[in-house]
Amino acid sequence: MKTRFLDNQDFLAGLLFIAIGAGGFGIALSYPFGSVQHMGPGFFPRVLGGILVGFGIVTLVRGLRSGEPVQGEWGWYPLVMLTASLVAFGWLMEHVGLVASLVVLIVSSAYAGREFRWGEVAVLAVAMTLLALVIFVWGLGLPYELFAFEFGE
């Protein structure tokens with residue numbers, strides 16, 4: 001069975017992998033590569049970008065051979081909600097700190113799903129925020145402000 005390119009799920013997934021891998025590789029070109037013994041900041045993104053492009057090519061070719069059609073419809077609402085959640089998290093990190101940013105990220109991301117229950121989301125937000133604090137702030141010592149609340153500066 002042959003399907004159009006825009007309805008072929010593996011073809012579209014391959015294109016997405018290639019675009020993300022090529023984008024990451026292209027951005028990493030501005031950083032020094034280094035060597036295997038002394039990796040520069042561009043080493044890891046270039047290698048991962050190349051691997052992702054390779055996976056994309058394999059997936060794309062598999063899609064051309066099988067022609068598996070896309071099932072269902074595009075989930076525009078979750079796509080917009082998740083993107084907005086990530087953008088809000090990035091902005092809020094500078095203005096309100098890590099704790100409030102994480103809570104907003106988790107609650108708004110959960111709201112993108114089909115089922116949303118305030119009780120479950122509250123427990124998830126508390127647990128994930130505590131886990132992030134333990135790992136990133138206390139475990140790795142990353143210098144994130146927990147509560148900033150600095151607007152208009």
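Q: Patches are made of residues with over 30% relative accessible area and no salt bridge, and nonpolar side chains are joined into one within 5 Å. In this predicted model, how much accessible area does the nonpolar patch on the surface have together?
A: The patch is formed by Leu-124, Met-128, Leu-131, Val-134, Ile-135, Phe-136, Trp-138, Leu-140, Leu-142 and Tyr-144. One of these residues, Phe-136, is found in helix α5, which covers residues 118-139. Taken together, the accessible area of the patch is about 950 Å².

Q: Is Phe-136 buried, partly exposed or exposed?
A: Buried means under 20% relative accessible area and exposed means over 50%, with partly exposed in between. The relative accessible area of Phe-136 is 37%, so this residue counts as partly exposed.

Q: Which residues make up the largest nonpolar core?
A: Helices α4 and α5 each supply at least two residues of the largest nonpolar core. One of its members, Val-99, touches Thr-129, Leu-133, Leu-146 and Phe-147, when residues up to four places away in sequence are not counted. The core has seven residues in all, and they are Met-93, Leu-98, Val-99, Leu-102, Ala-132, Leu-133 and Val-137.

Q: How many residues apart in sequence are the parts that the pair Asp-10 and Arg-62 ties together?
A: The side chains of Asp-10 and Arg-62 meet in a salt bridge, at 3.5 Å from N to O. Asp-10 lies in helix α1 (residues 9-28) and Arg-62 in helix α2 (residues 43-66), so the pair ties together parts whose separation in sequence is 52 residues.

Q: Is Asp-10 buried or exposed?
A: The cut-off for buried is under 20% relative accessible area. Because the relative accessibility of Asp-10 is 12%, this residue counts as buried.

Q: Which residues are linked in a network of salt bridges?
A: A search of the whole structure finds three salt bridges. In one of them the side chains of Arg-117 and Glu-115 meet at 3.4 Å, N to O, and Arg-117 also forms a salt bridge with Glu-120, with the closest N and O atoms 3.5 Å apart. Arg-117 is partly exposed at 44%, whereas Glu-115 counts as exposed at 60%. The residues linked in the network are Glu-115, Arg-117 and Glu-120.

Note on methods
Residues are numbered from 1 along each chain as its sequence is written. This is a predicted model: local features need pLDDT of at least 70, side-chain atom pairs count only at pLDDT 80 or more; totals for chains, interfaces and linings use all residues. Side-chain values use heavy atoms; hydrogens and water are left out. Patches are made of residues with over 30% relative accessible area and no salt bridge: like charges are joined within 9 Å, nonpolar side chains (Val, Leu, Ile, Met, Phe, Trp, Tyr) within 5 Å. Accessible areas come from the Shrake-Rupley method with a 1.4 Å probe; for residues, only the protein chains shown count as cover. A salt bridge is a side-chain nitrogen of Lys or Arg within 4 Å of a carboxyl oxygen of Asp or Glu. Helices (H or I, at least four residues) and strands (E, at least two) are DSSP runs, numbered from the N terminus. Buried means under 20% relative accessible area, exposed over 50%, partly exposed in between (1.4 Å probe, protein chains only). A nonpolar core is a set of buried Ala, Val, Leu, Ile, Met, Phe, Trp, Tyr and Cys residues joined through side-chain atoms within 4.5 Å. Contact means heavy atoms within 4.5 Å.
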